[in-house]
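These are my notebook entries on what I looked up in one structure.

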Amino acid sequence: TKAVWNGKENFHCAEIALHFCRTLGIQVVLFSDEDYPEALRQIDDCPYLLFCRGDVRILKNRCVSVVGTRRLTTSGKIAARQFAYDAVIDGCNVISGLANGADGFAHQGAIDAYFDYLERDGNPIVLGKTIAVLPSSIDEILPASHKRMAAQIIQSGGLLVSEYEPGMGMAKWHYVERNRIIAALSPATVVIEAP
């Protein structure tokens with residue numbers, strides 16, 4: 001099939017996406033914006049824009065990515081959660097992909113650190129946050145079982161990020177595309193068990 005540019009149709013689609021963004025409180029960060037992460041600008045195939053829910057400013061803070069298998073051992077689950085917990089207490093953001101396994105346990109450790117700190121006395125420390133890079137459009141949480149976790153990420157001052165506009169369908173190759181963003185957003189990636 002031959003690709004054909006239809007400016008009127010493309011403009012209409014952009015208007016619909018903008019309406020969704022405004023309705024759902026989704027921020028759009030362009031490549032040229034000050035809030036666009038410099039590390040992401042440096043990769044060859046960086047996204048032209050990012051759709052974000054949460055605090056976009058944290059993209060500029062110190063970050064570490066945590067990834068790994070979806071089928072963690074018991075010790076892998078503990079390691080992912082504890083590493084993320086400690087990183088957040090140390091003021092470092094934890095980036096992962098909101099998938100089952102290592103991603104989910106890392107996000108949960110970061111969220112737990114935030115809520116545990118709220119329950120303690122008021123010793124002022126700067127906590128890190130957690131950032132979930134989605135393989136889906138910004139308005140769709142996959143897996144669906146992580147919707148509550150996604151809400152907690154935002155509630156704890158974290159961020160959901162996607163390069164896919166609201167309403168865009170999901171494709172398997174989105175997972176691979178998502179991984180380049182996770183890797184680019186931080187200078188280090190910690191792998192918690194991988195085949």
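Entry one, salt bridges. I counted a salt bridge where a side-chain nitrogen of Lys or Arg lies within 4 Å of a carboxyl oxygen of Asp or Glu. Side chains of opposite charge can pair when their charged atoms come close. With that rule I searched the whole structure and found seven salt bridges. I note that this is a predicted model, in which local features need pLDDT of at least 70 and side-chain atom pairs count only at pLDDT 80 or more, while totals for chains, interfaces and linings use all residues. Residues are numbered from 1 along each chain as its sequence is written, and side-chain values use heavy atoms, with hydrogens and water left out.

I looked up Asp45 and found a salt bridge to Arg180, with 3.3 Å between the closest N and O atoms. Asp45 sits in the loop between α2 (38–41) and β2 and Arg180 in helix α6, so this pair ties together parts that are 135 residues apart in sequence. For the elements, I used DSSP runs numbered from the N terminus (helices are H or I with at least four residues, strands are E with at least two). For accessibility, I called a residue buried under 20% relative accessible area, exposed over 50% and partly exposed in between (1.4 Å probe, protein chains only). Asp45 is partly exposed because its relative accessibility is 42%, whereas Arg180 counts as buried because its value is 16%. I also noted that Asp45 and Arg180 belong to a network of salt bridges together with Glu163 and Glu177.

Next I looked up Arg62, which meets Asp90 in a salt bridge at 3.5 Å, N to O. This pair links distant parts of the chain, since Arg62 is in the loop between β2 and β3 and Asp90 is in the loop between α3 (74–89) and β4 (93–96), 28 residues apart.

Entry two, pockets. On a 1 Å grid over the protein atoms alone, a pocket is an open set of points where a 1.4 Å probe fits, with protein on both sides within 12 Å along at least five of seven lines, and its lining residues have an atom within 4 Å of a point. The largest pocket holds about 210 Å³ of space. It has 13 lining residues, of which Val67, Asp103, Arg178, Asn179 and Ile182 are the closest to its centre.

Cys63 is in no disulfide, and the nearest cysteine sulfur to it, that of Cys92, is 6.3 Å away. Cys63 counts as buried because its relative accessibility is 6%, and Cys92 counts as buried because its relative accessibility is 8%.

Methods:
Disulfide = S-S within 2.5 Å. Points joined across faces, edges and corners; volume = space filled by probe spheres on them.
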